[in-house]
Amino acid sequence: MAINSRIDFLVLAGDLYDGDWIDFQSGLYLRSELARLIKSGISSYIVKGNHDARSVISRELPLPEGVHEFDSRKAQTLLHPSLPVAIHGRSFADRAMAEDLVPSYPAPRPGLFNIGVLHTSLAGDANHDTYAPTTVQALRQHGYQYWALGHIHQHARVSDDPWIVYPGNLQGRHARETGPKGCELVTVTDDFSVSSDFVELDVVRWTVVNVELTSRSDAAHADQGLTGDDLRDDLTVARNRIRDALEATIASAPDRLHAVRLHLEGQTTLAIEEARMPGTLAATARAAAQDVNNGEVWVERVELALRAPFDRAAEARRDDAVGELVRAIDRSAGDSTELDRLLAPLIETLIDKSIPSGLLTEAERAAFRDPSFWRELLLEAEDTLLARLGNEVKA
């Protein structure tokens, strides 16, 4: 895209490598592509971020002449050889960069278009560790016309006066990195006015697709159970709804492979069948993906948030194990003190001690401490247990 668009230079705002990798093939591939740019008259300007600060590859593999990597000891200013452009940047010396680097950046050069290249979390992001924290106000006050930011994997135009932009990463790596990924194509006129356009470059598009499966809301029908015809009809309806949702997703970008995490929700008697035979709905979803036309889709995971159409008030009045279960769930889910009492040892043992540091993001750890997460989990467990304890399923 850079060569075809005949750009003047490329800015890369960090994290080209993972510091733990020692395979030189990745480095050689990147180097060959940077060399292609040089042969087309396109120079590159790179800061190291928290991941590639420790990279064995970048220390041992020299970059082609014409590729400029910013120093990590102090901020630098590099002048473009043929354009009135000053590019300011500073690489990370180590992964943990706790200080605000902006005050160390040079003052803007008068009469030039000043670009700041900075790897930063700004004031913080729940999905990313906090490195080189700073504020939008600090960037504005520094006087540059454009700030090219790295670290956050989601595209974001933070400001257009001056321009402060996260391009995001080029390719979503997993199901939490959803939506289009790519780069920012920036055009600057002779009077330094700016236009900035997002260009989609991802090969695989990650998407979370929600599908409503609410079908039979009549609690009496749940008590009667599902006949073979009922089950086939409900599964057919579910498969068609999932297929339609997947085809709508593909239509948004038909030239890409779509990696989809399906979230199936609603009140349906299929929740009873899933309790009886776990995996039924995952198989139904994958079958629906096989029936999709005009595009490629891969179902990465199927998540269920289904409720069986039980009459909970009637179930709670029963004088047996079913009634006791519903009343116990109500006591735990409805009383914050009781819920905290139940969760405290679980969170301490599982979240704080058993799961290694770095395996969960800050947002995921926060979710495990959210009472609403556990209330939803209790209700899911209730559906499964009611289906197995009640007359509708013979476990």
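1. Glu-33 and Arg-36 form a salt bridge (a side-chain nitrogen of Lys or Arg within 4 Å of a carboxyl oxygen of Asp or Glu), with 2.9 Å between the closest N and O atoms. Both residues belong to helix 1 (residues 24-39) and sit 3 residues apart, about one turn of the helix. Helices (H or I, at least four residues) and strands (E, at least two) are DSSP runs, numbered from the N terminus. Glu-33 is partly exposed at 26% relative accessibility, and Arg-36 is partly exposed at 46%. Here buried means under 20% relative accessible area, exposed over 50%, and partly exposed in between (1.4 Å probe, protein chains only).

2. The model is predicted: local features need pLDDT of at least 70 and side-chain atom pairs count only at pLDDT 80 or more, while totals for chains, interfaces and linings use all residues. Residues are numbered from 1 along each chain as its sequence is written, and side-chain values use heavy atoms, leaving out hydrogens and water.

3. Arg-157 pairs with Glu-184 in a salt bridge, the closest N and O atoms being 2.8 Å apart. Arg-157 is in strand 8 (residues 156-160) and Glu-184 in strand 10 (residues 182-188), so this pair ties together parts 27 residues apart in sequence. Arg-157 is partly exposed, at 41% relative accessible area, whereas Glu-184 is buried, at 14%.

4. Glu-324 and Arg-331 meet through their side chains in a salt bridge of 3.2 Å, N to O. Glu-324 has a relative accessible area of 37% and is partly exposed; Arg-331, at 47%, is partly exposed.

5. In total, the structure holds 17 salt bridges. A network of salt bridges links Glu-200, Asp-202, Arg-205, Asp-255 and Arg-256.
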